[in-house]
Amino acid sequence: MPVTLNAHQLARLIDRTADHIADNTLPLLHGIRLETDAEHLYAVATDRYTLAAARYRHHHLDGAPFTRTVPARALPALRRWLTDQPGDAAVALTPTDGKLRFATAAGEMTLTTDDAQDYIGWRGLLRDILTQTTDRPEDDADNDREHLSILDARLLTRFTTADTHLRIRTGPGGAPALLVGEDFLGAQSPLRSGHESVGAGTDDTLGGVRALWETSLTDPAGHTPVPMPGPRHHDAPRASAEAFEALLRQTMASTRDLMEEIDSPRAVAAHAAAGASSWAAYRYLDALHRADPLLAAQVITEVAAELDDGALGEFAYDAAANAGFNPQPWLDELDQAATAAGEPTAEAPVAPGTDS
């Protein structure tokens, strides 16, 4: 009954849930639960205060689904073994009685696991949290009676490995808070109202907090708005979904313009190049996102900053030189083509280490 996915994604499932494992006083929860169905491999961990469930769409499941708990003591060795594998290496997970075998083309590892089926019903717990209704008053006049959830900030830090960005919804009354990421659901139980760690001079209702802070937040000089960010050279995407949309829209726009009547051969070539480059960038980014979503998000953020800076020609010149190319002949060819076409030439970027 093997299930197959790449080494990087299996390692990421472990990383996203490992901080939520219970200590050894709760043997049933002292590990990561791996479960499969027809579409996904799930990794689940909880210590009763927080719960993390991450999933990944596996490459293949041969046979019936299975469930196993990998004990906490075995996880460091498994994580090191996965680090030694190429990120895109296919890892087949095959369960046997009391064991789980992890195998790639380069080698394998077998761990003793817990086959018990009486793990907590994490699906039902998360389903209940997802469907819970709020107790927030609909009437604005009653907003002061809205109760605020009290979350332990130390437990919140466990979710830093879950995703780059998380959406959070606090539950009504004493219900757990819900945290949502890409292929990730988490939950955190709130503290009881009046918990000593909250400290004196606080209140668990919105009206109470407003009353406590009213004089401190009264500005006699009037309200000064936060300055808006300066203009950008390019409105670059800041998230994976935005980047995918922008690249696909650019591909469609550029290739559609090729069907129009364009007199200039250089304009035709520019539209064709823009469409081809956008499509290539989309395919590359999609592959990176599938292999390593966090790295993809980091690259998107860095590229957005570079596009906002606007000095792309200089960035490209430096990148070409650092990669061992000589970019100056490329610029010379462009100047020669522009001169032949009777167009003005552009000022070339200054080579690194030279005077301007």
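Trainee: What makes strand E1 and strand E7 a pair, and which way do they run?

Mentor: The model is predicted, so local features need pLDDT of at least 70, side-chain atom pairs count only at pLDDT 80 or more, and totals for chains, interfaces and linings use all residues. Residues are numbered from 1 along each chain as its sequence is written, and side-chain values use heavy atoms, with hydrogens and water left out. Strands (E, at least two residues) and helices (H or I, at least four) are DSSP runs, numbered from the N terminus, and two strands pair if DSSP finds at least two bridges between them. Four bridges join E1 (residues 3-6) to E7 (residues 90-96), and therefore they count as paired, running antiparallel. Valine 3 stands opposite leucine 93 in E7.

Trainee: Why is strand E6 called largely enclosed?

Mentor: Buried means under 20% relative accessible area, exposed over 50%, and partly exposed in between (1.4 Å probe, protein chains only). Five of the five residues of E6 (residues 67-71) are buried, so the strand is largely enclosed by the rest of the structure. Thr67, Thr69 and Pro71 point one way from E6, while Arg68 and Val70 point the other way.

Trainee: Why is glutamate 306 called partly exposed?

Mentor: Its relative accessibility is 36%, which lies between the limits of 20% and 50%, so glutamate 306 counts as partly exposed. Glutamate 306 lies in helix H8.
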